[in-house]
Amino acid sequence: MKKAELVFVPLPGIGHFVSCVELAKLLVECDERLSITVLMMKLPFDPKVSSYTNSLVETPNLHIRYLELMKEEPSSQLSSFLSILFRFIDNHKSCVREVLAEISNSVSSHLGGIVIDMFCTSLIDVANEFGVPSYIFCPGGAATLGVLFQLQSLRDDLNEDVSHYENSDVELALPTYINPVPAKLLSSALFEKDGSGDMFLDQAKRYRKTKGIIINTFLELESHAIHALSNDKTIPPVYAVGPVLNLKGSNSQNQETEMIMKWLDLQPECSVVFLCFGSGGSFDGDQVEEIAYALERSGYRFLWSLRRPSPKENFEFPSEYENLDEVLPKGFLQRTAAVGKVIGWAPQAAVLSHPAVGGFVSHCGWNSILESVWYGVPVATWSLYAEQQQNAFLMVKDLAVAVEIKIDFKRDFVLGVSSEILSADVIERGIKHLMDPENEIREKVKEMKEKSRLAPNEGGSSFSSLRRFLEDVLDNIP
């Protein structure tokens, strides 16, 4: 009997890539009739992707194969990161076409569809050439996906110039949020002046033409947003299949992980505040000093993942400091040696799983939110870029499962320019609120943790959603 085959095309950014691969693993575990081909594009300025894809090839899966597409250097002539990214993806069409042709001509499998990252909609054209249904994979949440649909509808259906919302104090009634959302929380990427903002909304327009949208969330966390999307008849079926997480981490960091975990083993339960701002998160020296003063004055034990900002003229991710004394206040490491540890790279999931960790100061990337919920660790929000401000608003205002350090703080992902410098007083106040054992959000986060563990299990909301998606794929097979 022929197998059903899906082709996955993740975005070559570590957060998107990992969750897409974990989804593929879930699917093949769920149904032995399914096989998946994952197509791997590689951006030269994100070395973590290369390390991760190498580990995939070294640990083969009987039902998943990984194909590296031709190395396509992104053009440096375009004016924004988004423009470069969209052009980079578009230039891989011919490679994707070759893979689909090979599978279509196979005698051992039927091509059931192509699952593409939410940034890769230009590849829908290739799927259409083969008469193959396209599905969108959204590694973020349902609420922020709804923002894209709403702005795209305002632009295309009501002829509204949405650019006037940039940094505006207007509050927007958005269907996927319970409370009105300040427009200044919208991602600055939506308003890029070179046209890539429009290209961003064009992506959402194409989502409406696909056969379904898979979202890395779960019904119990985002019930309001999921129902809002499902009730909109212009939006394809929505499959909330999360939390889809890689909880094992990377094998390439074993030595560092062991050192960090040994230190945590020595700390009392729920006594450590963990600060980590994602693969793209970093701060300039003045802000680093304010964080240091806040930690020292708060009196709490801490584990701080501190990264060096990338050069402002290059598209690079933050790197490690060779000498932490060059950026931290004089004597800080010595004064806090008994209660704190400053590190570079952090094994985030492993840290959050440790019983010593009692709070998480986070940039509110969606994977970080899902991991904090999974392990029941309360979050203090300090969003930086992309959709993180909207995630923070959801957690603090709509769901009341996080405390706020700052929701509307913004740091340009490429240029590294921050909207302001948060004072040590503001940061210290947020940390104390987060770590307060009497804080009522602790019980709410604990309840959400239990729901997140049930959702992927048989009979759970995400398990049922995953099965519905599989049934739809199998229906595509003649």
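In what order do the six strands of the open sheet stand? The order is E12-E11-E10-E13-E14-E15, and the pairing is parallel. Strands pair here if DSSP finds at least two bridges between them; strands (E, at least two residues) and helices (H or I, at least four) are DSSP runs, numbered from the N terminus. From one strand to the next, the twist averages 15°. Angles run from 0 to 180 degrees between N-to-C directions, with axes as lines fitted to C-alpha atoms, for helices over the stretch in contact.

The model is predicted: local features need pLDDT of at least 70 and side-chain atom pairs count only at pLDDT 80 or more, whereas totals for chains, interfaces and linings use all residues. Residues are numbered from 1 along each chain as its sequence is written, and side-chain values use heavy atoms, leaving out hydrogens and water.

Within the sheet, strand E10 (residues 272-276) and strand E13 (residues 357-362) run parallel and are joined by five bridges. Leucine 275 has valine 361 in E13 as its bridge partner. Helix H10 (residues 285-298) packs on the sheet and touches E10, strand E11 (301-305) and strand E14 (379-382). The direction of H10 makes about 160° with that of E11.

Helix H13 (residues 366-375) is mostly covered, with nine of its ten residues buried, that is, under 20% relative accessible area (1.4 Å probe, protein chains only). Among the buried residues are Trp366, Glu371 and Trp374. Their cover includes E13, E14 and the helices H12 (348-353), H14 (388-398) and H16 (441-454), contact being heavy atoms within 4.5 Å. Glycine 376 follows H13 and has a positive phi, near 70°.

Helix H3 (residues 81-90) is also mostly covered: eight of its ten residues are buried, including Phe81, Phe86 and Phe88. Helix H4 (93-104) and helix H7 (196-207) are among the elements that cover the buried residues of H3.

Turning to the whole, the protein chain comprises 17 helices and 15 strands. Of its 478 residues, 57% count as buried. Among contacts between residues at least 6 apart in sequence, 74% join residues at least 24 apart. The C-alpha trace spans about 70 × 50 × 45 Å along its principal axes.

Terms used: Buried < 20%, exposed > 50% of the residue type's maximum accessible area, 1.4 Å probe, protein only.
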